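Dear colleague,

I am handing over the structure below, and I would be glad if you looked through it before reading my notes.

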Amino acid sequence: PISMARWPWSRPLPPPPPPPPALYESILAWAPPLWLCWCACCFALVACVLAWAWRVAERFHWRWPVSPRGLRKLLGTVFRLLVQKRACQLGQLTKLALPIRASDLTGPGGAAALDAMLRHGGHLPAGTRVSAVQLADGPGVTDGVKGDKHVLLVSYAGLSSVPVTLPPPPSQLFAKFGIGRRLHPMRVLSDCTETARCEATFYAQVATEAKACGLGSPTCYFADYCHSTGESCLLLEVLPFEGSTLFPLRHRIRHPPSLPETRAIVSAGARLNARFWGKGGGGAACMRGVPSYAEINEARVAVAQILGLRTLAATARRSLAPLPITPAFMTWEPPPGIIGAEAELIALLPEIAAALCAETATVAYGHNDAVSDNAYFWRDTGGGGHAGGAAFGLFDWQQACINNVGHEWAWNFHFLPPEFLEEHEHDLIELILRTYAAHGVVLPKERFCRSYALACALLYVWGGGAMQPLLRRVHAAGLLDTLAPNDARHATGWPGVRPCDREALLGAEMTRRTLTNACGIMRRHGFVQHWAEWRRGVL
């Protein structure tokens, strides 16, 4: 017989050495805070319940009222924000240390960090270096809700050695970081929908190609994000809205665009769609790593479902009692065929979003938030160096991804005044399709309108679910009984209205337009019929 003692794997292994005593001491000395233990236990319990319910639902073919994938992503993001400290990490694209707040650039070591960032992008001539960074004087940047924004003043050493033929480095920078308050609702939503990834990817890979389509964007000096923490840093040129070069910055609600401005936005957005048409953006090299809408918006759909489950049925019937709201404000009229089917529509919402993005014939890369307060227009129609020869440009590319074009244009239009959209919708859709055809993409109008109508299900559920919480805020401020469409009291500086109440009024008007436009598009373009066909498996 063969003796197994000859083989080394038959011999018993020696016992491992004991850990050093210092390891035991550090473990015993560490006492996690009570709130962290409580949060971890709660999240573990919720995760176990969800996993069990998911298996049961799959076993008996039940349909969840809220998307399990979206809910899991939402809860995972909240848990990460709770337990993870804000700290500088290496960026996903540049592998440089990523500043996460303005003080990381204005404080000790900030000049050296900014020097490395500008030098990485080739924006710092040889022989020069950043010597100082400070915040600009004044009230700071307060527009927008998806980031902490600042204007930085930058000083350099060695500028005298730069040849006059080279452009000088920027003396001012617009800096945008992730929202500092970790559990701010917009920070949670931004992290769930990966807005930092979308924007950094655009400026790092797509911006040059977009300018070739005649769509300008601010000059970018640095763009990066950290996938594991959700932190981001974006450094752009400072757009001179206060000077004579650009028209003043508009607000999507307070300053609705004119028809020429709307047509300019539509034409430029359609050219961008046609340039990167199809799955993967048409296979262009700059589309590598660009996400799809269905991939990054699972949590947003879950939030819409949660909001809709509570109040969509009452909002659809315009039965908002006991809120003392005037009937004139309730301008939305859902198609008769979906009244009473709210629960089914909410449950099918993730599948509708996924099916729209799976349509290879109607998907393309786009901005997905091309509205007036994300746009800037040159006073000189010949354009300028900043926009690469374009008379118009877009910023805030935080939702730029590959999406169904019907969904994109439904989103881009839903903040317009409902009367304006109803009057000009036919011409705007014709302009979109003509622009596609001029750039080699033939999309039948009926196919576009079917996607356009189906995509409004997401806007309808989101707006219908969010309306009543917003109206309760307006009611708490004592302003609901006089609320009217296009209420002017949300304007900045309105006498007798506090800033928090002004934001509540603005949110109510935005949601009224969302809901009214979604219902109008669904009625005009046969949503009930398209939804019935989709449920039968015909999209």
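**Notes on the model**

Asn 486 lies in the loop between α14 (445-476) and α15 (499-524), where helices (H or I, at least four residues) and strands (E, at least two) are DSSP runs, numbered from the N terminus. Although Asn 486 is not a glycine, it has a positive phi of about 55°, and at 39% relative accessibility it counts as partly exposed. Here buried means under 20% relative accessible area, exposed over 50%, and partly exposed in between (1.4 Å probe, protein chains only).

Residues are numbered from 1 along each chain as its sequence is written, and side-chain values use heavy atoms, with hydrogens and water left out.

The chain averages a pLDDT (the predictor's confidence in each residue, from 0 to 100) of 84, and 85% of the residues score at least 70. Over residues 1-7, however, pLDDT stays under 50, and the model has six contacts for them beyond four places in sequence, a contact meaning heavy atoms within 4.5 Å. Where pLDDT is low, the predicted coordinates should not be read in detail.

As for the whole chain, its secondary structure comes to 16 helices and nine strands, and 50% of its 539 residues count as buried.

How are α11 and α16 packed against each other? Helix α11 (residues 342-357) and helix α16 (residues 527-535) meet at an angle of about 75°, with their axes 12 Å apart; the axes are lines fitted to C-alpha atoms, for helices over the stretch in contact, and angles run from 0 to 180 degrees between N-to-C directions. That makes α11 roughly perpendicular to α16, because angles under 35 degrees count as roughly parallel, over 145 as roughly antiparallel, 65 to 115 as roughly perpendicular and the rest as oblique. Among the residues that make this contact are Leu 345 and Leu 348 of α11, and Trp 531 and Trp 534 of α16.

Terms used:
Predicted model: local features only at pLDDT ≥ 70, side-chain atom pairs only at ≥ 80, totals over all residues.
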